[in-house]
Structures are given as structure tokens and as C-alpha cells.
Amino acid sequence: MTASALAQFGVKHVAKGIGRLTTEVIESGSGSYVTMVGGRKMLDYTTGIGVANLGHCHPAVTKAAQLQAGKLVHGQINIAFQKPYLELVESLLPLMPHKSLDTFFFWNSGAEAVEAAVKLARHATKKQNIIVMQGSYHGRTFGTMAMTRSKTIYGEGFAPLMPGVFSVPFPYCAQCSVANHSNGMYHFNNCCMDPLLQLELLLKRESAPSDTAAVFIEPVLGEGGYVPPPPQYLARLREICDKNNLLLVADEVQCGFGRTGKMFAVEHWGVRPDILIMAKGIANGFPLSAIVSRKELMDMQKPGTMGGTYAGNAVSCAAGVAVAKAFQEERILENVNARGAELKATLNAAKADPKTGGIMYDVRGLGLMLALECVPGHGYASKIQAKCMEKDMLVLTTSIYDTIRFIPPLNITKDDMAKGCQIIKEAIEEVAAGERPRETRTRGQALE
């Protein structure tokens, strides 16, 4: 079929409930680029929504998967141990943000891992309720729909959802009503910490600590806008959890595996989670997710309570081992911080430029998890996105606020970063000048 015919076939036969950026059909990927069926080559600053962190078809990861596929594809974990599974545990142990995180369970997707963490938290504490952050994204399965608070679309029309879920504000300083009415007294580096007050009030008004199992948080808010917390927030949150006998669960599905310039985002603040959730970049595109906690909690679950047909697939685990090795051998984190500084400098320069700054509200992020929030009411983010696509570059929007996010490969070259920065700069300039691009199919609505 031609590219057009393939796209029409997809529109006709693929579930309409899947939103997508474009009806282009991807044929191949290599490094920082994807090539469409029609031959169009595009610089990819989406990496499959933060999954192909080491670029498309990383040679070592590809080779590891190919070799494993010739040995064992599926070695069901409820039947016996399998070598790649145990090798991945061995590879990940030294990368954990705290030595107490020593016992693993692998599953397939981020949402499944979040639900595994809910099961663990409820069972270990013998308490039901959980607290999530407003703006958070935890998945679209039935349980995680109740926890996701980034957009109503994910739970709209599917009620009643899982009970026992409460929410409090995330410290989103750019949109904080206290900060915005404080005449400059409160800001990112001097947070009012009202979200922590709201958490303490919730524990007094709505869900008593004796009924509350855990607080779930993305250390850097993901689909809610790529929002890092202000200094001291996570340390204070840890104190509240300890004071009230609550587990602290870090959902690092999107911000983990080097995305923020540290292996895991919690390392920026030196905070120990009781449960760490990971997925996306763990196997560079092969379906795999995990939770890790301390052995005393994990060993409270009876044999048979955890598992899954494809949980910890052998090929995915082999790919995960190769990913962990690449981080150690290829100086990935150094590149993240260097290239991230270059991209952030480009965004900050545009915000400071009188010609373009008028459409830009906030620039934020860590490492290569960066966002540009635009002045609301004009759809600037989706217009910048469309302009980038016209220049053969894939980027994504996110959040209920007018925000565009940048998720390039962690090992992107200096030249490809420079190319991307130039495209972004030109796109912002053209939108600020009033040029009207072609609209993307999602009209600025983030996919995940």
C-alpha cells in the first residue's frame, strides 16, 4: 500500500479512542530520527513519549534483544526464574537512588506498575486510601484512571472509578495563586509550600492517616506540564509521610532513567521513596516496567498475589540489561546535562527576546525533560508544534495549560541538538510574528 493508503487503512480499522499527532506512518527509526513510509525523515524530539531514551534502535540494545530472541523469548516468571530477569535485577541494583530499594517486580507497562505499587502499599500498610497530586498522570487502566488528575479526558465517561483516591495540589509555582498574588514574595526558589499545608489539612479533614496507605507523586510532574518541584518540597513531603506513617511512592515512569540528568529524579533532592515505579526508558522501547521496594515490604505478599503472563519478558529484560550497561559505558548522563543546558539556553533566549517573549509564559525543566509554557488563550503551543512539524521535527504538547514539551534522546549529538534548537527558535519566531501553521490533529491535546 502507498503511504496515503496505509494511513487511510489505519483511520478505518484502528480504535478511534487512540489520539495521535499525525497520520504519517513510521517505517523505521535510527538514533534521533524516524523515517516515514513516504521517505520523509524527521528529527524526533518525542522519543515515543520518553521511551526510546537511547535513540531509536540503539545498536547494543538491538543486538541484545536479537541474541535473546534466539535463546528464549518467553520464560514465564511464575514457572521458574529466567536468566535475563535476574541479570536485570543485578544491573539495576547499583543504580537505585537508595540502598533500601533492593527487591523488584517486573511488569509490562507503566500503568500496570502503578497498580502493582497500589497493591503493595495497601497490603503492606493494611490501609486503603491513597493520595495523588493534581496534574499527575499515572495511566489509563481502570485503577490508574482514578489516580490520573492531569486531564478529565482520561476518566470521562468511565465512572464509577476506583474509590479511596484523594488529591492535593502539586507545587506548580508558575500557576500558584498564592505566589501570583504575593508581589514577588513567593516564587520557585522561595515556595509558599501551600501544597504541603493542603496535604496536612486533607489528612485532618478527608482521609485520616490511619486510613491512608501512601502518597503517590511524580517527582517531576509529567503530563501535567514537566514541572519540577521547588527546593525542599520533597524533603518536607517525606517528613509528613514519616510523621503520619504513610508510604511515599515515586512514579518515575517518565522522569526516570536519566531523563532529568540524574538516573532517577528523586536524586536531585536526596529523598528516599518507599516504592519506586519505573517503565518507559527501562528497556528503550521493549515492553517492560517495574516496581522496587525494600524486602520487608515486598516479602509481606503471599506467593501468587503478584504475577502476569508476560511480566518480565525475557527479551525485554535482555534489552534492559543492555540499557543499564549503556548508561555506564557511554556517559549518557553527562550528555543529558550538556545538551539540556543548550536547549534550555535556546528557550530562555527566546523568552528574553522582545520579538518572541510576549508569547512565552514559563521555561522550566531538568536535563532533557524541558517545557515551554505559552501565554494562554491563543493556542501558541500547538502552533509552535505544527511549525516544527513543517520543518521535519516531531514535538509534543502537554498539560491543560498551553505547554510544549521537549523529550529528545538522551544521547542526542551536539549537532542534532543544534539543529533542533534552530528549528524551535524559528518556529517560535514565526508564531510570534503571526504566521498561521497547519493545525496538528490533536490540536494541542497531549497524548500521554
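Begin by selecting helix 13 (residues 380-390) and helix 14 (residues 414-432), where Y380, K383, I384, K387 and C388 of helix 13 meet I423, I424, A427, I428, E430 and V431 of helix 14. Contact here means heavy atoms within 4.5 Å, and helices (H or I, at least four residues) and strands (E, at least two) are DSSP runs, numbered from the N terminus. By class, this contact holds 8 nonpolar, no polar and 3 charged residues, where Ala, Val, Leu, Ile, Met, Phe, Trp, Tyr, Cys and Pro count as nonpolar, Asp, Glu, Lys and Arg as charged, and the others, Gly among them, as polar.

Before going on, keep in mind that this is a predicted model, in which local features need pLDDT of at least 70 and side-chain atom pairs count only at pLDDT 80 or more, while totals for chains, interfaces and linings use all residues. Residues are numbered from 1 along each chain as its sequence is written, and side-chain values use heavy atoms, with hydrogens and water left out.

Two packed helices are described by the angle between their axes and the distance between the axes. Helix 13 and helix 14 pack at an angle of about 130 degrees with their axes 9 Å apart, the axes being lines fitted to C-alpha atoms, for helices over the stretch in contact, and the angles running from 0 to 180 degrees between N-to-C directions. The two helices are therefore oblique to each other, since angles under 35 degrees count as roughly parallel, over 145 as roughly antiparallel, 65 to 115 as roughly perpendicular and the rest as oblique.

Stay in helix 14 and select E430, which is buried, with a relative accessible area of 18%; buried means under 20% relative accessible area, exposed over 50%, and partly exposed in between (1.4 Å probe, protein chains only). Leaving aside neighbours within four places in sequence, E430 is in contact with K387, K391 and E435.

Next, show helix 3 (residues 59-69) and helix 11 (residues 314-329), whose axes come within 8 Å and cross at roughly 150 degrees. That angle makes helix 3 roughly antiparallel to helix 11. On the helix 3 side, the contact is made by A60, V61, A64, A65, Q68 and A69, and on the helix 11 side by A314, V315, A318, A319, A322 and V323. These residues divide into 11 nonpolar, 1 polar and no charged.

Now move to the loop between helix 6 (142-147) and strand 6 (165-169), and select P160, which is joined to A159 by a cis peptide bond with omega of about 5 degrees. F158 has its place in this loop as well, and at 46% relative accessibility F158 counts as partly exposed. Not counting residues up to four places away in sequence, F158 touches F142 and M145. If you also select E218, you can see that F158 and E218 are 24 Å apart in space, C-alpha to C-alpha, and 60 residues apart in sequence.

Finish with two further loops. In the loop between helix 7 (177-180) and helix 8 (194-205), select M193, which has a positive phi of about 60 degrees although M193 is not a glycine, and which counts as buried at 10% relative accessibility. In the loop between strand 7 (212-217) and helix 9 (233-243), select Q232, where phi is near 80 degrees, a positive value in a residue other than glycine; Q232 is exposed, with a relative accessible area of 54%.
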